[in-house]
Amino acid sequence: MLNKTDLHCHTLYSDGSLSPQQIVERAAQNGVSSLAITDHDCIQAVLDLWPNRDKLPLTLISGVEISSSWEGKDIHVIGLNFEPYDQSLQDFLKQQQQLRFERAQELMQKLTDKLGILDIEQKLQKISQGYSICRSHFAALIVEEGKASDFGKAFSKFLAKGKSCSVKSHWVSTEEAIYHIHQAGGVAVLAHPSRYQLSNSRTFELIKSFSFAGGKAIEVCYSSLKSQDQRRLIRIAKEFSLLGSVGSDFHHPYQTWANLGQVAPLPADILPIWQNF
Ligand code: AMP
Ligand code: MN
Ligand code: MN
Ligand code: MN
C-alpha cells in the first residue's frame with residue numbers, strides 16, 4: 001500500500017481532461033488513498049461522486065479551488081472538507097461562474113480583435129466542453145490556431161497581465177473566499193504560494209494575511225517547488241501556526257511532471273491539514 005495523499009487536481013468540469021470517475025481510477029492506480037478534486041470555482045465533480053463515495057477505492061475529500069484577489073494578484077484558495085450540499089457555497093460558486101462567463105465574453109472579443117480568431121464561441125465551447133471556462137481553454141485555442149507553440153507561450157505572449165489579450169479579473173477578496181469555505185464547514189488552504197510572481201517579502205505578507213483571515217494551511221508540496229523555497233514556506237507556515245498540504249495540481253495525462261499522486265510527501269516538521277478530516 002502506498003497510501004499517498006493528493007489534495008489538488010482538476011477534471012473536465014474545469015480545465016482538466018479526465019472525468020471524475022477517471023480521476024478516481026487513475027489516482028487509485030497511482031497509490032493515492034486520500035484524494036480531493038479541486039476544480040476552479042466548481043464542485044460538480046464532487047457532487048457527481050458524493051452519493052457513492054463509500055464505494056470508491058479511496059477516501060474522497062470534498063474540494064474546490066476558488067479564484068480570489070489579494071492586492072491586485074489572482075490568488076487561488078483551496079477549500080477542503082466542506083459540506084458539498086451547502087446552499088450558500090453553491091450560490092457563491094454560481095456567482096464565481098457568472099464572473100468567469102463575463103470574463104470569457106471579454107476574452108473572446110480580445111482574441112477575435114487582436115488575433116483574428118473566427119467562430120470563437122463554437123471553438124471554445126468544444127475545448128471547454130461547456131463547463132467552468134478557464135484561461136487555459138483560451139491558451140489551448142491560441143495554440144490550436146497556431147498563434148503560439150505551447151500553453152506557456154500562449155500565456156506569456158498574449159494572456160498574461162499587460163499582454164494584448166489580458167483582461168482584468170474581478171474576483172472576490174481572498175478573505176471573502178475563506179469566509180465562504182468556512183460557511184460550508186470547510187478549511188482554507190493557500191494554493192501554490194510560490195507561483196504568484198511575488199517577492200519573498202510579499203509572499204510573507206500574503207501568507208500572514210491569509211492566516212489572519214482564518215486560513216488553516218498552505219501547500220508546501222507541489223510540482224516545480226524547489227527545496228529551498230519549500231524550506232522557506234515551511235518556516236513562514238510555522239511562524240503563523242499553519243498546517244501543510246500537498247497537491248499535484250494534475251490537469252492532463254500528458255503532464256507527466258504533475259501526475260496524480262506524484263508529489264513529495266509532507267516533510268516531518270510540518271503537520272498535515274488532513275490530520276482532523
Ligand atoms: P483562470 O483561473 O481561468 O484564470 O485560469 C488559470 C489557469 O490557467 C491555471 O489554473 C493554470 O491551469 C493555467 N495557467 C495559468 N498560467 C499559466 C501558464 N503560465 N502556463 C500554463 N498554464 C497556466
Ligand atoms: Mn487550472
Ligand atoms: Mn491554481
Ligand atoms: Mn489547480
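**Metal site, helix pair and one arginine**

A: Arg232 is buried, at 16% relative accessibility (buried is under 20% relative accessible area, exposed over 50%, partly exposed in between, with a 1.4 Å probe and protein chains only). This is a predicted model, where local features need pLDDT of at least 70, side-chain atom pairs count only at pLDDT 80 or more, and totals for chains, interfaces and linings use all residues. Residues are numbered from 1 along each chain as written, chains are lettered from A and ligands numbered from 1 in written order, and side-chain values use heavy atoms, without hydrogens and water.

Q: What does Arg232 touch, leaving out residues up to four places away in sequence?
A: Asn200 and Thr203 (contact means heavy atoms within 4.5 Å).

Q: Switching to metal. Which residues coordinate the manganese ion (ligand 2)?
A: Asp15 (OD), His40 (NE2) and His251 (NE2), at 2.1 to 2.3 Å. Donors are N, O and S atoms within 2.8 Å of the metal (3.2 Å for Na, K and Ca); water is not among the atoms, so sites may look incomplete.

Q: How are those donor residues spaced in sequence?
A: The pattern for ligand 2 is D-x24-H-x210-H. Asp15 sits in the loop between strand S1 (4–6) and helix H1 (20–29), and His251 in the segment after strand S9 (243–246), so the pair ties together parts 236 residues apart in sequence. Helices (H or I, at least four residues) and strands (E, at least two) are DSSP runs, numbered from the N terminus.

Q: Are Asp15 and His251 buried or exposed?
A: Both are buried.

Q: How far apart are the manganese ions, ligand 2 and ligand 3?
A: They are 5.7 Å apart.
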